[in-house]
Amino acid sequence: MTTATTDERTLQELQAEHGPALLAFLLGLTHGDRQRAEDLAQETLVRAWLHPEAFAAPYESMRPWLFTVARRLAIDARRSRLARPTEIGDAVLAVTAEPGDATESADAALDVRAAVRGLSPEHRAVLVRLYFHGLTVNEAAAELGIPAGTVKSRSHYALRLLGRRLPGYRPPRSAPVARLRAAAPQCPS
């Protein structure tokens, strides 16, 4: 079964007559991204090729139909881009650290576990809830039955102690304690 398509000559005339205006329209929709605008213009013309019935409609000009199709394609493309994670360029990859070997990672996890085990039960309980379980300060406070200020204080001093015990580790000046997770894969107990 063959699908009817617009003949080549009609499509060439359509592109010659409306192509520049279509591209200018799409450049506006894509905020000047010429590559994206050209891709959308091409896809719009493919739709015109696939729908010869649009030429039979009682239009004085095909331009409104083309612009409607182009606008809908641009909206769909934008929604599609927003639905997936942001792409990163080579510049970001060039400055990203190479993943360490699994042995180093496992060794670091053992160091963290040993250092956390060396903390007092009170300090360890706070760090486990904040960094390993991902609780907020208020959630950890409620679970432990202590004030939120005590949770913050214990986590501050526990991180300072860990900083002294772990080689090469320095706690940040103001350690954010809301929903952080530790580097070690499992909770030390």
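Start at the second largest pocket, which holds about 180 Å³ of space. A pocket here is an open set of points on a 1 Å grid over the protein atoms alone, where a 1.4 Å probe fits, with protein on both sides within 12 Å along at least five of seven lines. The model is predicted, and local features need pLDDT of at least 70, side-chain atom pairs 80 or more, while totals for chains, interfaces and linings use all residues. Residues are numbered from 1 along each chain as its sequence is written, and side-chain values use heavy atoms, without hydrogens and water.

Select the lining next: Leu29, Thr30, His31, Arg36, Leu40, Arg71, Ala74, Ile75, Ala77, Arg78 and Arg81. Lining residues have an atom within 4 Å of a point. Five of them are nonpolar, two polar and four charged.

Now show helix 2 (34-50) and helix 4 (63-83), which each supply at least two lining residues. Helices are DSSP runs (H or I, at least four residues) numbered from the N terminus. Which helix gives the most to this lining? Helix 4 does, with six residues.

Move on to helix 7 (residues 121-132) and helix 8 (residues 137-144), which pack at an angle of about 135° with axes 9 Å apart.

Finally, select Ala125, Val126, Arg129 and Leu130 in helix 7, which meet Val137, Ala140, Glu143 and Leu144 in helix 8. Contact means heavy atoms within 4.5 Å. The residues of this contact are six nonpolar, no polar and two charged.

Key
Axes fitted to C-alpha atoms, helices over the stretch in contact; angles between N-to-C directions. Nonpolar A, V, L, I, M, F, W, Y, C, P; charged D, E, K, R; others polar. Points joined across faces, edges and corners; volume = space filled by probe spheres on them.
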